[in-house]
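I am opening my notebook on a new structure. I want to look up how its parts meet and what lies inside.

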Amino acid sequence: MANTGSPCNAQPTPPIISDDKSHGQPLWLLAELTYKCPLQCPYCSNPLDFSDFGGELTTQQWLDVFQQGRDLGAVQLGFSGGEPLVRQDLIQLIGGAHEMGYYTNLITSGVGLNEHKMAEFQQAGLDHIQVSFQASDESVNSMLSGSKKAFEQKLKMAKEVKAQGYPMVLNFVTHRHNIDRIDRIIELCVELDADYVELATCQYYGWAYENVEQLLPTRAQLERAERITNEYRAKLAAEGNPIKLIFVTPDYYEERPKGCMNGWGQVFLTVTPDGKALPCHSARMLPIEFPNVTEVSLQEIWDTSPGFNHFRGNAWMKEPCRSCDEKDKDFGGCHCQAFMLTGDMYNADPVCAKSEHHHLIEEARERAEAVVNNPDEFTFRNERNSKVFAKS
Amino acid sequence: MSDIEITAASVPVLNKMFRFQWEKAQNCFVLLYPEGMIQLNGPAGEILGLVDGERSVAAITSELEAKFPDAGDLSGDIIEFLGEAHGQHWITL
């Protein structure tokens, strides 16, 4: 779209700034089926005020969204939440999505799963199960999930996933309380015969941002964990083990921001339990009006809605992004992070060393050196705590 | 990438981690795996489309040579591609 200028802005736009709203296909459709969850992980990416959004789409509404997504080119479908197993119609949703040609991913804590359900899901066409773990041993896992039985259940379910022939991704969210046991975490994943392992340090959104002081590891912890992961990679490859270890560093230790979601509204589309369509799981927090799939077609949402067009192109940028020669690489970073830390979503992501707000990140790193681990300080993700953040 | 020897008698099998399908939106064959997608070029799609755990490399080669008579001898290209596919863990032998 050409920039035609406006009466209140006579400045000609430099040609390097693009108002091009072009975009790819929503290859990844993430269906957050419910905000209900039996666990209370203090780094949950759900919104703090999730208890404000009680409604859930019906089976038919979800299937309709899946078909519209497929027609737009979506190929990967994630069933997420909350805990997607809470939805009693999950098997119908899996079956419907499979028939449409999706590769279907169940992203679960494993709590509420059993071998019968797993076999039924496979028959319905489920392609893959990702089990998330909080830690490699029961005590830390229980402390973080708020459930004593969860760890044993997760181990059992991970073994069953493999026994039934599913590919398995294990997801370990790492932070200052468990990252020093990375060797044990990797060994557990090898024992469980995982195909992919995501050693993902917390990303500080939602509940994790609320708990950042008790979660953010020190630089030394992080460097040690990465070194050990690299040692295991070399060792496992030499043994001919095809397991893939994916190590995700927290961007708080970077000097340049991540190219968040591969660009706003470029490949990824999330639908929340109550039908909000978002370009990423966190975007609900931003002061932007996002459309609801019960009111607007997915095609209109993806192609023309103001919400999805908001950060497409780079005409929205301020300095230092505007004149930065890396702007097409990182797109200014994460708008949610800019909003949370600086109060202005149009600012550069403060992870960037060029940002005037970068000191906020440096201060968080310094605090990580001083903090004493104390699980009692966690704000756990549950209905009661959510009401504190809720507006109604 | 691959240290295994592939011969005309080898029978490749798609690793069950991957699903092979035609994607209209991409206008190509793809391999789907947990949370990811590999877009295949024309020849790769034609070859993997015949990998079914029953056809040998010789059978795949003769079918493709019959389908593309102008392409000449394809055996070298097919074995080379299958070696790469094996190195990527897309197939087992």
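My entries below go from the interface to the cores and then to the salt bridges.

**Ground rules.** I am working with a predicted model, where local features need pLDDT of at least 70, side-chain atom pairs count only at pLDDT 80 or more, and totals for chains, interfaces and linings use all residues. Residues are numbered from 1 along each chain as its sequence is written, chains are lettered from A and ligands numbered from 1 in the order in which they are written, and side-chain values use heavy atoms, with hydrogens and water left out.

**Entry 1: the interface.** I looked up the contact (heavy atoms within 4.5 Å). Chain A gives 23 residues to it and chain B gives 14 residues. Next I looked up the buried area, the accessible area (1.4 Å probe) that two parts lose on being put together, summed over both. Chain A and chain B bury about 1,500 Å², with 55% of it on carbon and sulfur atoms. A:Val75, A:Tyr103 and A:Tyr196 supply 30% of the area that chain A buries against chain B, more than any other three residues.

**Entry 2: charges across it.** A salt bridge is a side-chain nitrogen of Lys or Arg within 4 Å of a carboxyl oxygen of Asp or Glu. I find two salt bridges between chain A and chain B. A:Asp127 forms a salt bridge with B:Arg19, and their closest N and O atoms are 2.7 Å apart.

**Entry 3: the cores.** A nonpolar core is a set of buried Ala, Val, Leu, Ile, Met, Phe, Trp, Tyr and Cys residues joined through side-chain atoms within 4.5 Å. Buried means under 20% relative accessible area, exposed over 50%, and partly exposed in between (1.4 Å probe, protein chains only). The largest nonpolar core has 101 residues. A:Phe66 and A:Leu170 are among those with the most contacts inside it. Apart from this core lies another, of 24 residues, including A:Val169 and B:Ile6.

**Entry 4: salt bridges overall.** The count over all chains is 21 salt bridges. Are A:Asp89 and A:Arg87 buried or exposed? Both are buried. They form a salt bridge, with the closest N and O atoms 2.8 Å apart. A:Lys36, A:Glu56, A:Arg87 and A:Asp89 are linked in a network of salt bridges.

**Entry 5: two more pairs.** A:Glu239 and A:Lys235 meet in a salt bridge (3.9 Å, N to O). A:Glu239 counts as exposed because its relative accessibility is 52%. A:Lys235, at 45%, is partly exposed. A:Lys329 and A:Glu326 also meet in a salt bridge (3.6 Å, N to O). A:Lys329 is exposed at 62%, whereas A:Glu326 is buried at 18%.
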